[in-house]
Amino acid sequence: KRQRQEPVHLGLDLSARNDLTAAVASVRDPDTGEVHVTPFVFTPLDTLADRSQTDRVPYDQWVRDGFLIGIPGAHLNYEMIAEELGRLTQGWNIASLSFDRWRIDDFKIAAEKVGFAQETEWIAVAQTFKDFSLRLDGLESLILQKLLRHAGHPLLNMAASNAVSYTHLTLPTNREV
């Protein structure tokens, strides 16, 4: 396991207990300016086959290939996720953990119980135009400069292909969605 002396920033996207939960680590290479991202994506194992078929997504194959981390049971256990994240990031200099407030209190309790990210700065990020504009600008800049590296991770590819960014304050009406 490689030590990470550079600051690592985690972005956490918690799901309902029966979907995908992701923590994405990003670290900037001080020599090249490239930002390397590594996703850790979790899913419950007991519902995997049905969800693969229903969603028409190869979750089962991704678990076998190591791109998706299966958690035993029919729903996600935040304590197990926090423990696994602690194991996967052991030795890393985790500078910050950004999160959406939804279900974060449950995750913080689990993280404290297993000792994950106790010395890390936890940063709440609201999912609003104001809060995401700067972040999307930064992401777009990295992409346009060809400084973003994610090794072709299939779950990041899927997420990026499903992302929608509104550039105007006019949102679609229910009829347009």
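The model is predicted, and its secondary structure comes to 6 helices and 7 strands, which follow one another along the sequence in the pattern β-β-β-α-α-β-α-β-α-β-α-β-α. Of the 177 residues of the chain, 33% count as buried, while the chain exposes about 11200 Å², with carbon and sulfur atoms supplying 51% of that area. Among contacts between residues at least 6 apart in sequence, 64% join residues at least 24 apart.

Helix H4, which spans residues 104-114, has Ile 104, Phe 107, Ala 110 and Ala 111 as its buried residues. These residues lie on the same side of H4, because they cover an arc of only 120 degrees around the axis. In general, an α-helix has 3.6 residues a turn, so residues three or four places apart point the same way.

| Class in H4 | Residues |
|---|---|
| Buried | Ile 104, Phe 107, Ala 110, Ala 111 |
| Exposed, on the other side | Asp 105, Ile 109, Glu 112, Lys 113 |

Just after H4, Gly 115 takes a positive phi of about 80 degrees.

Glu 6 belongs to strand E1, which covers residues 4-13, and Glu 6 counts as partly exposed because its relative accessibility is 23%. Leaving aside residues up to four places away in sequence, Glu 6 touches Val 27, Arg 28, Pro 30 and Asn 93. Although Glu 6 and Pro 30 are 24 residues apart in sequence, their C-alpha atoms are 8.1 Å apart in space.

Key
Residues numbered from 1 in each chain as written. Predicted model: local features only at pLDDT ≥ 70, side-chain atom pairs only at ≥ 80, totals over all residues. Heavy atoms only, no water. Buried < 20%, exposed > 50% of the residue type's maximum accessible area, 1.4 Å probe, protein only. Helix = DSSP H or I, 4+ residues; strand = E, 2+ residues; numbered from the N terminus. Arc of directions from axis to C-beta. Contact = heavy atoms within 4.5 Å. Areas by Shrake-Rupley, 256 points an atom, 1.4 Å probe, with all protein chains shown as cover.
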